[in-house]
Amino acid sequence: MRRFIFVFFIILSHVLVAQESSLWTVPQNQAKVTQNSYLQARVGLNQQRLNEIAKGVGSKGFSQITIPLPDGEELSFTIVPTQLMAPELQRKHPEIKTFKGHNQNGDILRMDINSFGMHAMILSKSRKGTIYLDPESEFDANTDYISYYKKDYMHANSYESPGCLNEFS
């Protein structure tokens, strides 16, 4: 009986640690959102865990991150820091961190973390297209995030005027 209780608590502690360290959460009843029949996923971000991953990249030179997809699945990437801004601009804005990543499927990740949250772009061979992950609110880092396909963006968020469409017809 003691052995059973010991094993139970070991398993329970691993489950609790795994839940605490999860980067993404699915808001209740919002795992998959369709807007005008285009698939999107709405997820919550554990900001503390994201900061730990970013610090891990700095200390080890690389880290692992999982990015949610519009269909509710996830892709894992190995990420490394990359410098996209000019050195003088980076010194002026040290809060902006940029990363690049790849996975075993040949997918490429570009990602940034700043005071407004995290943004990611996946160039996916395995999913046949470009996938974006952006904060739902532009100016609130504590907001939910939306994962969507590039091909669906203009359809779901269409604001083109008929004049522009006719101009090039």
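**Reading strands and rings in a predicted model**

Modeller: Leu 123 stands opposite Thr 130 in β9.

Colleague: In which sense do β8 and β9 pair, and over how many bridges?

Modeller: Two strands count as paired if at least two bridges are found between them. Here β8 and β9 run antiparallel, with five bridges between them. Their hairpin has four residues between the strands, and Lys 128 adopts a positive phi near 55° there.

Colleague: How many residues join β7 to β8 in their hairpin?

Modeller: The hairpin connects β7 to β8 through two residues. Strand β7 covers residues 108–114 and strand β8 covers residues 117–124; they pair in the antiparallel sense over seven bridges.

Colleague: Which sense of pairing do β9 and β10 show?

Modeller: The pairing of β9 and β10 is antiparallel as well, over five bridges. Within it, Tyr 132 stands opposite Tyr 148 in β10.

Colleague: Is β10 mostly covered or mostly open?

Modeller: The general idea is that a residue is called buried when its relative accessible area is under 20%. In β10, five of its five residues are buried, so the strand is mostly covered. Tyr 145, Ser 147 and Tyr 149 point one way from the strand, whereas Ile 146 and Tyr 148 point the other way. For the protein as a whole, buried residues make up 33% of the 169 residues.

Colleague: How many aromatic pairs does a search of the whole structure find?

Modeller: The search finds two aromatic pairs. In one of them, Trp 24 and Tyr 145 have ring centres 5.9 Å apart and an angle of 70° between the planes. Planes over 60 degrees apart count as edge-to-face, which is why this pair is given that name. The pair links distant parts of the chain, for Trp 24 belongs to strand β1 (residues 24–25) and Tyr 145 to strand β10 (residues 145–149), 121 residues apart. Trp 24 is buried because its relative accessible area is 8%, and Tyr 145 is buried because its value is 0%.

Colleague: What kind of aromatic pair do Tyr 132 and Tyr 148 form?

Modeller: Tyr 132 and Tyr 148 form a tilted pair, at 5.7 Å centre to centre and 35° between the planes. Tyr 132 lies in strand β9 (residues 129–135) and Tyr 148 in strand β10, 16 residues apart. With a relative accessibility of 23%, Tyr 132 counts as partly exposed, while Tyr 148 is buried at 11%.

Colleague: Which ring does the charged end of Lys 151 sit over?

Modeller: The charged end of Lys 151 sits over the ring of Tyr 149, 5.1 Å from its centre. Elsewhere, Lys 60 lies over the face of Phe 62, at 5.6 Å from the ring centre.

Colleague: May we close with a single residue? Is Thr 98 buried or exposed?

Modeller: Thr 98 has a relative accessible area of 12%, and therefore it is buried. Thr 98 belongs to strand β6, residues 97–102. A polar atom of the Thr 98 side chain lies 2.3 Å from the backbone oxygen of Thr 82. Leaving aside neighbours within four places in sequence, the contacts of Thr 98 include Val 80, Leu 84, Met 111 and Asp 112.

Conventions: Residues numbered from 1 in each chain as written. Predicted model: local features only at pLDDT ≥ 70, side-chain atom pairs only at ≥ 80, totals over all residues. Heavy atoms only, no water. Buried < 20%, exposed > 50% of the residue type's maximum accessible area, 1.4 Å probe, protein only. Polar contact = N/O pair within 3.5 Å; in protein donor to acceptor, adjacent residues only side chain to side chain. Contact = heavy atoms within 4.5 Å. Phe/Tyr/Trp six-rings, centres within 6.5 Å; stacked < 30°, edge-to-face > 60°. Lys NZ or Arg CZ within 6 Å of the ring centre and 35° of its normal.
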